[in-house]
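Got your viewer open and the model loaded? Let's take a walk through it, one selection at a time.

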Amino acid sequence: MRWFVVCLAAIFSPLLALSQTYDVVIQGGRVIDPETGLDAVRNVGIAQGKIRKISAATLDGKRVISAPGLVVAPGFIDLHQHGQDLESQRVKALDGVTTALEMEIGKPDVATFLQAKEGRSLINYGTAASHVAARSLAFGAPMPEGGLLPKSGAATDEPASVDQIEAMKVRLRHELGAGALAIGMGIQYTPGATRWEVIEMFRLAAEHGVPVYTHVRSSGKQEPGSSVESVEEVIGAAAVSGAPLHIVHINSSCASRAPDCLTLVAGARARGLDVTTEAYPYEAGMTYINSALFNPGWQEKFGVTYHDLMLPGSGERLTKERFEELHNASEPHLIVLFSNTMEAVDSVFRNPLVMVASDGDKGHPRNAGTFCRILSRYVRSQRTLTLMDAIRKMTLMPAQMLERSTPSARLKGRLQEGADADVVVFDPQTVSDRSTYDHPMTASVGVQYLLVGGVTLVDKGKLVEGVFPGRAQLGGMKPQ
Ligand SMILES: [Zn+2]
């Protein structure tokens with residue numbers, strides 16, 4: 001009898017496999033996977049949140065999405081997204097993003113952040129542990145409600161004592177234990193941090209096997225305080241500590257010196273250091289006007305004036321008086337800072353070391369438009385990136401960076417059997433950003449479908465309401 005059952009199974013199991021019905025089948029699209037180099041018309045079968053089958057043969061699905069003429073790619077991964085609110089997540093989804101992480105600065109309280117997001121997130125989320133917040137705590141200074149950066153003052157501008165550095169380490173260890181993916185250091189926002197304090201934080205990261213993501217100490221054009229010196233500092237800290245290093249927005253931190261800064265990154269990598277970097281495709285930055293970035297001397301350092309500062313939304317350019325008023329205000333105001341040229345930004349993306357990350361938040365068009373802008377500007381208009389290269393910068397490269405923090409990232413950023421079903425389906429002829437400095441939250445167009453963990457979040461170009469498929473991405477120190 002047992003033999004009979006085994007025989008039946010042997011005969012019928014290939015037939016069963018053939019007749020499998022997937023939850024979703026994406027049919028006839030141009031499937032692109034940057035890791036294997038696949039770029040061909042295929043059918044993709046998705047079930048239980050995973051990509052189960054990629055095949056030239058017809059697949060059965062409870063839902064079949066017809067995708068001829070559309071590109072089917074891994075969902076975009078944004079390592080640098082400050083705006084974690086639902087409104088920002090809606091425009092991120094329409095920009096093709098399935099995972100958006102706060103890795104530059106890090107949320108001040110990891111457990112509270114993760115708790116607030118659970119079951120309420122459209123796309124996947126996660127955060128670094130915040131050095132700036134740990135430092136504020138060690139100095140007894142409050143963080144603004146819901147904010148990432150403290151107002152400039154003793155906690156940002158003064159050197160820390162040995163005990164205070166120890167207190168920061170205790171706090172950061174706690175935050176890593178709560179699920180943080182890395183240590184985030186906005187060194188420019190804590191100018192009082194000595195070289196030694198920075199090295200101590202890198203050592204802590206190395207001890208726990210996580211990377212340091214950093215906004216470097218200065219985006220200055222002059223010595224001392226140049227961007228080149230600042231990039232040297234963190235490469236040095238990575239070298240002596242062994243911690244992997246990710247330098248955020250090399251476009252704005254290095255501006256016209258970006259080619260030189262990229263030479264430093266390439267040199268470090270050639271000598272075996274684990275150093276990566278990212279950029280966003282806009283000439284203006286955005287930050288808090290009461291932060292230490294605007295400590296005295298900022299105009300000379302960055303080569304800008306009051307007129308280069310703009311209040312988001314209103315388009316108001318600042319004067320000296322208006323600057324003083326906002327800089328000294330206790331409540332934080334975001335400010336858009338025009339300090340770069342699109343020519344310099346465009347050249348950064350041609351470098352194969354540079355991945356895409358938005359630095360997104362409400363008030364700047366990069367929040368809504370970064371990823372589709374890469375496809376429209378560099379792939380379709382300027383033709384400086386191939387579709388495969390652009391997709392690699394937005395999927396595989398950030399996933400590989402995340403693998404330093406969590407092995408589950410090996411299932412992200414890939415369109416392969418067994419990978420997580422985070423998938424974007426877009427029209428390569430029409431995909432485009434629509435957000436501007438005047439209308440920063442206008443959603444991109446051209447993303448026809450977006451699946452997060454196999455759940456359809458964008459359907460025929462429209463957001464599906466009432467689904468929250470986003471899941472936490474947790475560092476290895478948190479019990480999973
Ligand atoms: Zn930054």
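**Stop one: the largest pocket**

Start by selecting Lys107, Pro108, Glu145, Gly146 and Gly147, which lie nearest the centre of the largest pocket, out of 19 residues that line it. Before going on, note that this is a predicted model, where local features need pLDDT of at least 70, side-chain atom pairs count only at pLDDT 80 or more, and totals for chains, interfaces and linings use all residues. Residues are numbered from 1 along each chain as its sequence is written, and side-chain values use heavy atoms, with hydrogens and water left out.

A pocket here is an open set of points on a 1 Å grid over the protein atoms alone, with protein on both sides within 12 Å along at least five of seven lines; a cavity is a set where a 1.4 Å probe fits but cannot get out, and lining residues have an atom within 4 Å of a point. Grid points are joined across faces, edges and corners, and a volume is the space filled by probe spheres set on the points.

The largest pocket holds about 400 Å³ of space. Now pick helix H3 (residues 110-117), which gives the most to this lining, with four residues. Helices (H or I, at least four residues) and strands (E, at least two) are DSSP runs, numbered from the N terminus.

**Stop two: the zinc ion**

Next, select Glu104, His215 and His249: their OE, ND1 and NE2 atoms are the protein donors of the zinc ion, lying 1.7 to 2.3 Å from it. Donors are N, O and S atoms within 2.8 Å of the metal (3.2 Å for Na, K and Ca); water is not among the atoms, so sites may look incomplete. Along the chain, the donors follow the spacing E-x110-H-x33-H. Glu104 sits in strand S7 (residues 97-107), while His249 is in the loop between strand S11 (245-247) and helix H9 (250-254), 145 residues away.

Are these two buried or exposed? Glu104 is buried at 4% relative accessible area, and His249 is buried too, at 2%. Buried means under 20% relative accessible area, exposed over 50%, partly exposed in between (1.4 Å probe, protein chains only).

**Stop three: the cavities**

There are two cavities of 30 Å³ or more. The largest has about 370 Å³ of space, and among its 27 lining residues, Tyr189, His215, His249, Met286 and Thr287 are closest to the centre.

Finish at the second largest cavity, with about 40 Å³ of space. Its lining includes Pro74, Ile77, Leu411 and Asp422.
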